[in-house]
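Trainee: I have a structure open and want to go through it. Can you help me read it?
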Amino acid sequence: MSINSEQKFEEYAKQLTNVYRETYDKCYIYVASHCNLREEFELTMNDVVDLLLSAQENSSPIEKIIGDDIEEFCKNIIKGNRLSFARRSKIFIRGFLSVVIVCLIFEIVDLVMFYIEPTGANPWTQSTSISGVICGLIPCLLLTTVYDFVVRILIKKTKWFRRKQYIACGLILIGICLVSAILIAIYFDINIVIPRFVAISIEVLYIIVYFIMKKFSDKDLQKQGETSKRKSRKIYCDPKVKNEIIDVYCKNYEKDCKKREKKGQPILSVNEWCREYIRREKKGFVIYSIVAICISVASITYTAIGNAFLDTIIFGLVILALVGGISAFVIRSDFISKNILTEIMEGKIDFLDDEVDSLNNNDEEVE
Amino acid sequence: MDSSQLLKGILEGCVLSVISRGETYGYEIITKLDEYGMEDIQQGSLYPVLTRLEKKGSIKCRKAPSPLGPIRKYYSLTQKGFEELQSFIQSYKKMTDIVDNILESEDKK
(Lines give C-alpha, C1' and ligand atoms only; values in the text may rest on other atoms or scores of the structure.)
Protein backbone atom coordinates (compact mmCIF):
# COMPACT_ATOMS: atom_id res chain seq x y z
CA MET A 1 0.00 0.00 0.00
CA SER A 2 1.61 3.32 -0.99
CA ILE A 3 0.62 6.81 -0.08
CA ASN A 4 1.51 10.15 -1.62
CA SER A 5 1.04 12.52 1.31
CA GLU A 6 2.01 16.16 1.67
CA GLN A 7 4.54 16.37 4.47
CA LYS A 8 6.32 19.21 6.19
CA PHE A 9 10.03 19.89 5.67
CA GLU A 10 10.76 18.45 9.12
CA GLU A 11 9.36 15.10 8.03
CA TYR A 12 11.59 15.05 4.95
CA ALA A 13 14.59 16.16 6.99
CA LYS A 14 14.42 12.79 8.82
CA GLN A 15 15.80 11.22 5.62
CA LEU A 16 19.04 13.20 6.02
CA THR A 17 22.04 11.38 7.47
CA ASN A 18 25.62 12.07 8.62
CA VAL A 19 27.13 15.33 7.47
CA TYR A 20 23.92 16.34 5.66
CA ARG A 21 21.94 16.00 8.90
CA GLU A 22 24.60 17.95 10.83
CA THR A 23 24.46 20.74 8.26
CA TYR A 24 20.66 20.74 8.46
CA ASP A 25 20.79 21.15 12.26
CA LYS A 26 23.23 24.04 11.97
CA CYS A 27 21.12 25.75 9.32
CA TYR A 28 17.96 25.18 11.40
CA ILE A 29 19.37 27.09 14.37
CA TYR A 30 20.72 29.94 12.27
CA VAL A 31 17.58 30.33 10.16
CA ALA A 32 15.29 30.03 13.19
CA SER A 33 17.14 32.83 14.96
CA HIS A 34 17.26 35.08 11.90
CA CYS A 35 13.73 34.68 10.54
CA ASN A 36 11.15 36.46 12.63
CA LEU A 37 8.25 35.05 10.66
CA ARG A 38 7.29 31.40 10.70
CA GLU A 39 6.32 31.49 6.99
CA GLU A 40 9.73 32.88 6.01
CA PHE A 41 11.43 30.28 8.19
CA GLU A 42 9.45 27.41 6.63
CA LEU A 43 10.12 28.59 3.07
CA THR A 44 13.84 28.88 3.78
CA MET A 45 14.12 25.54 5.56
CA ASN A 46 12.16 23.85 2.79
CA ASP A 47 14.80 25.08 0.31
CA VAL A 48 17.59 23.88 2.61
CA VAL A 49 16.04 20.41 2.98
CA ASP A 50 15.43 20.08 -0.76
CA LEU A 51 19.03 21.07 -1.47
CA LEU A 52 20.53 18.75 1.14
CA LEU A 53 18.36 15.82 0.06
CA SER A 54 19.41 16.33 -3.57
CA ALA A 55 23.07 16.52 -2.51
CA GLN A 56 22.71 13.37 -0.39
CA GLU A 57 20.98 11.52 -3.22
CA ASN A 58 23.88 12.35 -5.57
CA SER A 59 26.57 11.95 -2.84
CA SER A 60 27.79 15.49 -3.56
CA PRO A 61 30.33 16.85 -1.06
CA ILE A 62 28.62 19.28 1.28
CA GLU A 63 31.30 21.98 0.72
CA LYS A 64 30.40 22.00 -2.95
CA ILE A 65 26.86 23.02 -2.07
CA ILE A 66 27.26 25.14 1.03
CA GLY A 67 30.75 26.54 0.56
CA ASP A 68 33.20 27.30 3.36
CA ASP A 69 30.96 29.72 5.22
CA ILE A 70 27.68 28.21 6.39
CA GLU A 71 26.60 31.56 7.86
CA GLU A 72 26.97 33.26 4.48
CA PHE A 73 25.04 30.41 2.83
CA CYS A 74 22.17 30.78 5.33
CA LYS A 75 22.14 34.58 4.91
CA ASN A 76 21.82 34.26 1.13
CA ILE A 77 19.13 31.62 1.28
CA ILE A 78 17.13 33.70 3.79
CA LYS A 79 17.49 36.76 1.54
CA GLY A 80 16.09 34.74 -1.35
CA ASN A 81 12.99 33.90 0.66
CA ARG A 82 12.24 37.35 2.12
CA LEU A 83 8.51 38.05 2.02
CA SER A 84 7.11 41.23 0.53
CA PHE A 85 6.14 44.15 2.79
CA ALA A 86 2.41 43.41 2.37
CA ARG A 87 2.86 39.75 3.30
CA ARG A 88 5.03 40.58 6.30
CA SER A 89 2.56 43.22 7.51
CA LYS A 90 -0.37 40.84 7.08
CA ILE A 91 1.37 38.13 9.11
CA PHE A 92 2.34 40.60 11.85
CA ILE A 93 -1.19 42.01 12.07
CA ARG A 94 -2.68 38.51 12.02
CA GLY A 95 -0.59 37.66 15.12
CA PHE A 96 -2.76 39.90 17.27
CA LEU A 97 -5.98 39.58 15.27
CA SER A 98 -7.56 36.96 17.53
CA VAL A 99 -6.80 39.09 20.62
CA VAL A 100 -8.40 42.13 18.94
CA ILE A 101 -11.49 40.14 17.90
CA VAL A 102 -11.95 38.76 21.44
CA CYS A 103 -11.57 42.30 22.89
CA LEU A 104 -14.11 43.61 20.35
CA ILE A 105 -16.60 40.87 21.27
CA PHE A 106 -16.28 41.76 24.97
CA GLU A 107 -16.73 45.47 24.20
CA ILE A 108 -19.87 44.74 22.15
CA VAL A 109 -21.30 42.46 24.88
CA ASP A 110 -20.59 45.21 27.42
CA LEU A 111 -22.29 47.75 25.15
CA VAL A 112 -25.37 45.55 24.70
CA MET A 113 -25.53 45.11 28.49
CA PHE A 114 -25.61 48.91 28.90
CA TYR A 115 -28.60 49.18 26.56
CA ILE A 116 -30.44 46.28 28.25
CA GLU A 117 -29.86 47.56 31.79
CA PRO A 118 -29.23 51.34 31.37
CA THR A 119 -27.23 53.05 34.14
CA GLY A 120 -27.86 56.58 32.92
CA ALA A 121 -24.31 57.08 31.63
CA ASN A 122 -23.39 57.17 27.93
CA PRO A 123 -22.05 53.67 27.16
CA TRP A 124 -19.91 54.97 24.26
CA THR A 125 -17.95 57.48 26.34
CA GLN A 126 -17.67 55.25 29.42
CA SER A 127 -14.12 54.19 30.25
CA THR A 128 -12.85 50.74 29.44
CA SER A 129 -9.66 49.18 30.81
CA ILE A 130 -6.92 47.97 28.48
CA SER A 131 -4.50 47.13 31.31
CA GLY A 132 -4.72 43.36 30.65
CA VAL A 133 -3.67 43.72 27.03
CA ILE A 134 -0.83 46.09 27.90
CA CYS A 135 0.42 43.86 30.77
CA GLY A 136 0.54 40.88 28.42
CA LEU A 137 1.96 42.61 25.36
CA ILE A 138 4.83 44.52 26.96
CA PRO A 139 6.74 41.53 28.40
CA CYS A 140 6.02 39.40 25.30
CA LEU A 141 7.31 41.96 22.82
CA LEU A 142 10.27 43.01 24.98
CA LEU A 143 11.40 39.52 25.92
CA THR A 144 11.09 38.02 22.44
CA THR A 145 13.18 40.89 21.05
CA VAL A 146 15.81 40.42 23.77
CA TYR A 147 15.75 36.63 23.21
CA ASP A 148 16.29 37.05 19.48
CA PHE A 149 19.19 39.40 20.13
CA VAL A 150 20.82 37.06 22.69
CA VAL A 151 20.45 34.02 20.42
CA ARG A 152 22.11 35.84 17.54
CA ILE A 153 25.05 36.84 19.76
CA LEU A 154 25.34 33.27 21.08
CA ILE A 155 25.45 31.87 17.55
CA LYS A 156 28.19 34.30 16.60
CA LYS A 157 30.26 33.73 19.75
CA THR A 158 29.91 29.98 20.20
CA LYS A 159 29.38 29.32 16.48
CA TRP A 160 26.47 26.89 17.02
CA PHE A 161 24.50 25.50 19.88
CA ARG A 162 22.26 22.46 19.79
CA ARG A 163 18.62 22.40 18.77
CA LYS A 164 17.52 20.99 22.14
CA GLN A 165 19.09 23.97 23.94
CA TYR A 166 17.36 26.31 21.55
CA ILE A 167 13.94 24.73 22.23
CA ALA A 168 14.62 24.67 26.01
CA CYS A 169 15.51 28.40 25.90
CA GLY A 170 12.25 29.07 24.02
CA LEU A 171 10.22 27.23 26.66
CA ILE A 172 11.95 29.13 29.46
CA LEU A 173 11.16 32.37 27.61
CA ILE A 174 7.44 31.51 27.44
CA GLY A 175 7.50 30.84 31.19
CA ILE A 176 9.25 34.15 31.90
CA CYS A 177 6.70 35.99 29.70
CA LEU A 178 3.78 34.50 31.63
CA VAL A 179 5.29 35.19 35.07
CA SER A 180 6.26 38.76 34.08
CA ALA A 181 2.76 39.48 32.78
CA ILE A 182 1.24 38.31 36.08
CA LEU A 183 3.84 40.19 38.17
CA ILE A 184 3.37 43.42 36.19
CA ALA A 185 -0.39 43.17 36.68
CA ILE A 186 -0.06 42.53 40.45
CA TYR A 187 2.79 44.83 41.55
CA PHE A 188 2.64 47.78 39.19
CA ASP A 189 -1.08 48.36 39.61
CA ILE A 190 -1.41 49.43 35.99
CA ASN A 191 -4.77 50.94 35.26
CA ILE A 192 -4.97 52.27 31.72
CA VAL A 193 -8.45 53.35 30.70
CA ILE A 194 -9.73 54.82 27.45
CA PRO A 195 -13.25 55.76 26.30
CA ARG A 196 -15.16 52.77 24.90
CA PHE A 197 -15.71 54.36 21.46
CA VAL A 198 -11.92 54.82 21.12
CA ALA A 199 -11.29 51.15 22.00
CA ILE A 200 -13.96 49.94 19.56
CA SER A 201 -12.67 52.27 16.79
CA ILE A 202 -9.10 51.00 17.24
CA GLU A 203 -10.26 47.40 17.14
CA VAL A 204 -12.44 47.90 14.05
CA LEU A 205 -9.64 49.85 12.33
CA TYR A 206 -7.21 47.04 13.12
CA ILE A 207 -9.49 44.47 11.49
CA ILE A 208 -10.00 46.70 8.40
CA VAL A 209 -6.21 47.20 8.04
CA TYR A 210 -5.76 43.43 8.26
CA PHE A 211 -8.17 42.82 5.38
CA ILE A 212 -6.54 45.55 3.24
CA MET A 213 -3.10 44.00 3.84
CA LYS A 214 -4.53 40.55 3.12
CA LYS A 215 -5.78 41.76 -0.26
CA PHE A 216 -2.35 43.18 -1.19
CA SER A 217 -0.67 40.04 0.11
CA ASP A 218 -2.93 37.79 -2.01
CA LYS A 219 -2.08 39.94 -5.06
CA ASP A 220 1.64 39.41 -4.32
CA LEU A 221 1.09 35.67 -4.08
CA GLN A 222 -0.78 35.63 -7.39
CA LYS A 223 2.13 37.50 -9.01
CA GLN A 224 4.47 34.76 -7.79
CA GLY A 225 2.20 32.10 -9.25
CA GLU A 226 0.99 30.90 -5.86
CA THR A 227 -2.49 30.76 -4.39
CA SER A 228 -3.27 32.18 -0.96
CA LYS A 229 -2.74 29.74 1.89
CA ARG A 230 -6.47 29.53 2.59
CA LYS A 231 -7.27 28.67 -1.04
CA SER A 232 -4.52 26.09 -1.36
CA ARG A 233 -4.85 24.70 2.15
CA LYS A 234 -4.65 20.94 2.37
CA ILE A 235 -5.29 19.30 5.69
CA TYR A 236 -2.17 17.50 6.84
CA CYS A 237 -2.59 13.89 7.87
CA ASP A 238 0.18 11.90 9.53
CA PRO A 239 1.31 9.14 7.11
CA LYS A 240 0.90 6.45 9.82
CA VAL A 241 -2.68 7.56 10.51
CA LYS A 242 -3.34 7.74 6.78
CA ASN A 243 -2.08 4.19 6.32
CA GLU A 244 -4.32 3.01 9.15
CA ILE A 245 -7.35 4.73 7.58
CA ILE A 246 -6.54 3.10 4.23
CA ASP A 247 -6.27 -0.28 6.01
CA VAL A 248 -9.71 0.24 7.56
CA TYR A 249 -11.20 1.17 4.18
CA CYS A 250 -9.56 -1.86 2.61
CA LYS A 251 -11.06 -4.16 5.27
CA ASN A 252 -14.48 -2.51 4.93
CA TYR A 253 -14.37 -2.95 1.18
CA GLU A 254 -13.34 -6.58 1.62
CA LYS A 255 -16.26 -7.16 4.04
CA ASP A 256 -18.67 -5.45 1.67
CA CYS A 257 -17.49 -7.62 -1.23
CA LYS A 258 -17.93 -10.84 0.79
CA LYS A 259 -21.35 -9.74 2.04
CA ARG A 260 -22.53 -9.00 -1.48
CA GLU A 261 -21.10 -12.28 -2.72
CA LYS A 262 -23.07 -14.20 -0.06
CA LYS A 263 -26.24 -12.35 -0.93
CA GLY A 264 -25.62 -12.93 -4.62
CA GLN A 265 -25.48 -9.20 -5.31
CA PRO A 266 -23.03 -7.72 -7.85
CA ILE A 267 -19.72 -6.65 -6.25
CA LEU A 268 -19.05 -2.91 -6.44
CA SER A 269 -15.89 -1.68 -8.15
CA VAL A 270 -13.48 0.32 -5.95
CA ASN A 271 -14.60 3.61 -7.50
CA GLU A 272 -18.30 2.80 -7.03
CA TRP A 273 -17.65 1.75 -3.43
CA CYS A 274 -15.70 4.99 -2.72
CA ARG A 275 -18.47 7.12 -4.22
CA GLU A 276 -21.02 5.25 -2.10
CA TYR A 277 -18.85 5.79 1.00
CA ILE A 278 -18.53 9.55 0.33
CA ARG A 279 -22.33 9.76 -0.15
CA ARG A 280 -22.90 7.97 3.19
CA GLU A 281 -20.41 10.26 4.99
CA LYS A 282 -22.14 13.32 3.52
CA LYS A 283 -25.48 12.07 4.82
CA GLY A 284 -23.91 11.46 8.25
CA PHE A 285 -22.50 14.98 8.31
CA VAL A 286 -25.90 16.51 7.51
CA ILE A 287 -27.49 14.53 10.35
CA TYR A 288 -24.68 15.60 12.73
CA SER A 289 -25.15 19.28 11.76
CA ILE A 290 -28.91 19.15 12.38
CA VAL A 291 -28.43 17.43 15.78
CA ALA A 292 -25.66 19.89 16.83
CA ILE A 293 -27.74 22.96 15.87
CA CYS A 294 -30.87 21.62 17.60
CA ILE A 295 -29.02 20.78 20.84
CA SER A 296 -27.22 24.17 20.91
CA VAL A 297 -30.36 26.22 20.22
CA ALA A 298 -32.46 24.20 22.69
CA SER A 299 -29.94 24.44 25.54
CA ILE A 300 -29.31 28.17 25.02
CA THR A 301 -33.07 28.88 24.85
CA TYR A 302 -33.64 26.83 28.01
CA THR A 303 -30.92 28.84 29.83
CA ALA A 304 -32.32 32.16 28.59
CA ILE A 305 -35.65 31.42 30.26
CA GLY A 306 -35.35 32.49 33.87
CA ASN A 307 -31.64 33.43 33.79
CA ALA A 308 -29.80 36.75 33.50
CA PHE A 309 -28.77 37.95 30.03
CA LEU A 310 -25.04 37.82 30.85
CA ASP A 311 -25.34 34.23 32.14
CA THR A 312 -27.06 33.23 28.89
CA ILE A 313 -24.33 34.89 26.85
CA ILE A 314 -21.57 33.12 28.80
CA PHE A 315 -23.38 29.77 28.58
CA GLY A 316 -24.00 30.34 24.87
CA LEU A 317 -20.31 31.07 24.27
CA VAL A 318 -19.29 27.92 26.17
CA ILE A 319 -21.76 25.81 24.15
CA LEU A 320 -20.58 27.40 20.88
CA ALA A 321 -16.93 26.73 21.80
CA LEU A 322 -17.73 23.10 22.60
CA VAL A 323 -19.83 22.47 19.50
CA GLY A 324 -17.32 24.43 17.40
CA GLY A 325 -14.45 22.28 18.66
CA ILE A 326 -16.30 19.02 17.97
CA SER A 327 -17.46 20.30 14.57
CA ALA A 328 -13.91 21.32 13.62
CA PHE A 329 -12.79 17.78 14.43
CA VAL A 330 -15.68 16.24 12.44
CA ILE A 331 -15.06 18.54 9.42
CA ARG A 332 -11.34 17.79 9.50
CA SER A 333 -11.91 14.03 9.64
CA ASP A 334 -14.44 14.37 6.85
CA PHE A 335 -11.93 16.26 4.66
CA ILE A 336 -9.16 13.75 5.30
CA SER A 337 -11.47 10.83 4.57
CA LYS A 338 -12.76 12.49 1.38
CA ASN A 339 -9.18 13.25 0.23
CA ILE A 340 -8.09 9.64 0.79
CA LEU A 341 -11.14 8.25 -1.02
CA THR A 342 -10.55 10.66 -3.92
CA GLU A 343 -6.89 9.58 -4.09
CA ILE A 344 -8.03 5.93 -4.14
CA MET A 345 -10.43 6.72 -7.00
CA GLU A 346 -7.69 8.56 -8.92
CA GLY A 347 -5.42 5.52 -8.49
CA LYS A 348 -2.84 7.43 -6.43
CA ILE A 349 -3.17 4.88 -3.62
CA ASP A 350 -2.53 1.20 -4.20
CA PHE A 351 -5.73 0.20 -2.41
CA LEU A 352 -6.50 -3.42 -3.25
CA ASP A 353 -4.96 -6.33 -1.39
CA ASP A 354 -4.20 -9.40 -3.50
CA GLU A 355 -7.08 -11.27 -1.84
CA VAL A 356 -9.65 -8.62 -2.73
CA ASP A 357 -8.09 -8.25 -6.13
CA SER A 358 -8.60 -11.93 -6.86
CA LEU A 359 -12.16 -11.70 -5.50
CA ASN A 360 -12.80 -8.89 -7.99
CA ASN A 361 -11.19 -10.81 -10.84
CA ASN A 362 -13.24 -13.92 -10.05
CA ASP A 363 -16.34 -11.83 -10.15
CA GLU A 364 -15.39 -10.39 -13.52
CA GLU A 365 -14.69 -13.89 -14.85
CA VAL A 366 -18.10 -15.11 -13.63
CA GLU A 367 -19.78 -12.19 -15.36
CA MET B 1 44.05 37.94 -10.39
CA ASP B 2 41.15 36.53 -8.34
CA SER B 3 38.98 34.63 -10.84
CA SER B 4 35.93 34.83 -8.55
CA GLN B 5 35.63 38.58 -9.26
CA LEU B 6 35.60 37.86 -12.97
CA LEU B 7 33.05 35.08 -12.46
CA LYS B 8 30.62 37.29 -10.56
CA GLY B 9 30.19 39.56 -13.55
CA ILE B 10 29.26 36.81 -15.96
CA LEU B 11 27.38 34.50 -13.57
CA GLU B 12 23.98 36.03 -14.32
CA GLY B 13 24.40 35.41 -18.03
CA CYS B 14 25.57 31.83 -17.45
CA VAL B 15 22.63 31.10 -15.16
CA LEU B 16 20.24 32.53 -17.77
CA SER B 17 21.85 30.31 -20.39
CA VAL B 18 21.43 27.16 -18.23
CA ILE B 19 17.79 28.00 -17.51
CA SER B 20 17.12 28.72 -21.20
CA ARG B 21 17.67 25.01 -21.96
CA GLY B 22 14.56 24.05 -20.03
CA GLU B 23 12.88 24.30 -16.64
CA THR B 24 15.42 23.59 -13.91
CA TYR B 25 16.09 24.00 -10.19
CA GLY B 26 18.85 25.33 -7.93
CA TYR B 27 20.80 22.12 -7.35
CA GLU B 28 20.71 21.21 -11.04
CA ILE B 29 21.96 24.66 -12.05
CA ILE B 30 24.91 24.31 -9.65
CA THR B 31 25.69 20.83 -10.98
CA LYS B 32 25.60 22.01 -14.59
CA LEU B 33 27.80 25.03 -13.86
CA ASP B 34 30.20 22.70 -12.05
CA GLU B 35 30.30 20.35 -15.06
CA TYR B 36 31.33 23.29 -17.24
CA GLY B 37 34.16 24.13 -14.85
CA MET B 38 32.61 26.82 -12.67
CA GLU B 39 33.68 25.01 -9.52
CA ASP B 40 33.73 28.07 -7.27
CA ILE B 41 29.99 28.62 -7.43
CA GLN B 42 28.00 27.31 -4.47
CA GLN B 43 24.28 27.38 -3.78
CA GLY B 44 24.82 30.31 -1.42
CA SER B 45 26.15 32.50 -4.22
CA LEU B 46 23.60 31.22 -6.72
CA TYR B 47 20.59 32.14 -4.58
CA PRO B 48 21.07 35.94 -4.72
CA VAL B 49 21.49 35.68 -8.50
CA LEU B 50 18.26 33.72 -8.88
CA THR B 51 16.40 36.16 -6.61
CA ARG B 52 17.75 39.12 -8.57
CA LEU B 53 16.76 37.58 -11.90
CA GLU B 54 13.29 36.75 -10.57
CA LYS B 55 12.77 40.29 -9.25
CA LYS B 56 13.86 41.71 -12.60
CA GLY B 57 11.33 39.45 -14.32
CA SER B 58 13.97 37.59 -16.34
CA ILE B 59 12.99 34.23 -14.90
CA LYS B 60 9.81 32.91 -13.34
CA CYS B 61 9.47 30.45 -10.51
CA ARG B 62 7.03 27.57 -10.12
CA LYS B 63 6.71 25.59 -6.92
CA ALA B 64 6.03 21.86 -7.10
CA PRO B 65 6.89 18.78 -5.04
CA SER B 66 10.26 17.29 -5.96
CA PRO B 67 10.67 13.52 -6.53
CA LEU B 68 12.34 13.41 -3.09
CA GLY B 69 9.36 15.06 -1.41
CA PRO B 70 9.85 18.69 -0.37
CA ILE B 71 8.43 21.57 -2.39
CA ARG B 72 10.99 22.64 -4.98
CA LYS B 73 11.36 25.90 -6.92
CA TYR B 74 11.54 25.28 -10.65
CA TYR B 75 12.85 28.17 -12.75
CA SER B 76 12.14 28.96 -16.38
CA LEU B 77 13.04 31.83 -18.70
CA THR B 78 10.60 34.64 -19.50
CA GLN B 79 10.54 36.63 -22.76
CA LYS B 80 12.44 39.41 -21.00
CA GLY B 81 15.00 36.85 -19.81
CA PHE B 82 15.42 35.51 -23.32
CA GLU B 83 16.09 39.04 -24.65
CA GLU B 84 18.51 39.66 -21.79
CA LEU B 85 20.36 36.43 -22.60
CA GLN B 86 20.71 37.46 -26.27
CA SER B 87 22.03 40.83 -25.21
CA PHE B 88 24.49 39.16 -22.78
CA ILE B 89 25.77 36.83 -25.51
CA GLN B 90 26.40 39.80 -27.86
CA SER B 91 28.10 41.92 -25.20
CA TYR B 92 30.19 38.97 -23.98
CA LYS B 93 31.39 38.10 -27.49
CA LYS B 94 32.24 41.71 -28.20
CA MET B 95 34.12 42.02 -24.92
CA THR B 96 36.08 38.76 -25.36
CA ASP B 97 37.04 39.80 -28.91
CA ILE B 98 38.37 43.08 -27.60
CA VAL B 99 40.24 41.41 -24.73
CA ASP B 100 41.63 38.74 -27.10
CA ASN B 101 42.90 41.44 -29.46
CA ILE B 102 44.56 43.34 -26.64
CA LEU B 103 46.20 40.23 -25.21
CA GLU B 104 47.36 39.01 -28.64
CA SER B 105 48.87 42.37 -29.59
CA GLU B 106 50.61 42.57 -26.20
CA ASP B 107 52.05 39.08 -26.77
CA LYS B 108 53.41 40.06 -30.20
CA LYS B 109 55.24 43.01 -28.71
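Mentor: We will go through the interface and then chain A. Keep in mind that this is a predicted model.

Trainee: How many residues of chain B are in contact with chain A?
Mentor: On the chain B side there are 20, and they touch 27 residues of chain A.

Trainee: And how much area do the two chains bury between them?
Mentor: About 1900 Å², with 55% of it on carbon and sulfur atoms.

Trainee: Why give an area at all?
Mentor: Because the accessible area lost when the parts come together is often used to state the size of an interface.

Trainee: How many salt bridges are there across the interface?
Mentor: The rule finds 2 between chain B and chain A. One of them pairs B:Arg72 with A:Asp50, whose closest N and O atoms are 3.0 Å apart.

Trainee: Which elements of chain B give two or more residues to that side?
Mentor: Helix 2 (26-35), helix 3 (43-56), strand 2 (59-65) and strand 3 (71-77) of chain B. Helix 3 of chain B provides the largest share, 6 residues.

Trainee: What kinds of residues are on the side of chain B that touches chain A?
Mentor: They divide into 8 nonpolar, 7 polar and 5 charged.

Trainee: Switching to chain A. What is its secondary structure?
Mentor: Chain A has 14 helices and 2 strands.

Trainee: What percentage of chain A counts as buried?
Mentor: Of its 367 residues, 35%.

Trainee: And what about its surface?
Mentor: The accessible surface of chain A is about 22900 Å², and carbon and sulfur atoms account for 62% of that.

Notes
Residues numbered from 1 in each chain as written. Chains lettered and ligands numbered in written order. Predicted model: local features only at pLDDT ≥ 70, side-chain atom pairs only at ≥ 80, totals over all residues. Heavy atoms only, no water. Contact = heavy atoms within 4.5 Å. Buried area = accessible area lost by both parts, 1.4 Å probe. Salt bridge = Lys/Arg side-chain N within 4 Å of Asp/Glu carboxyl O. Helix = DSSP H or I, 4+ residues; strand = E, 2+ residues; numbered from the N terminus. Nonpolar A, V, L, I, M, F, W, Y, C, P; charged D, E, K, R; others polar. Buried < 20%, exposed > 50% of the residue type's maximum accessible area, 1.4 Å probe, protein only. Areas by Shrake-Rupley, 256 points an atom, 1.4 Å probe, with all protein chains shown as cover.
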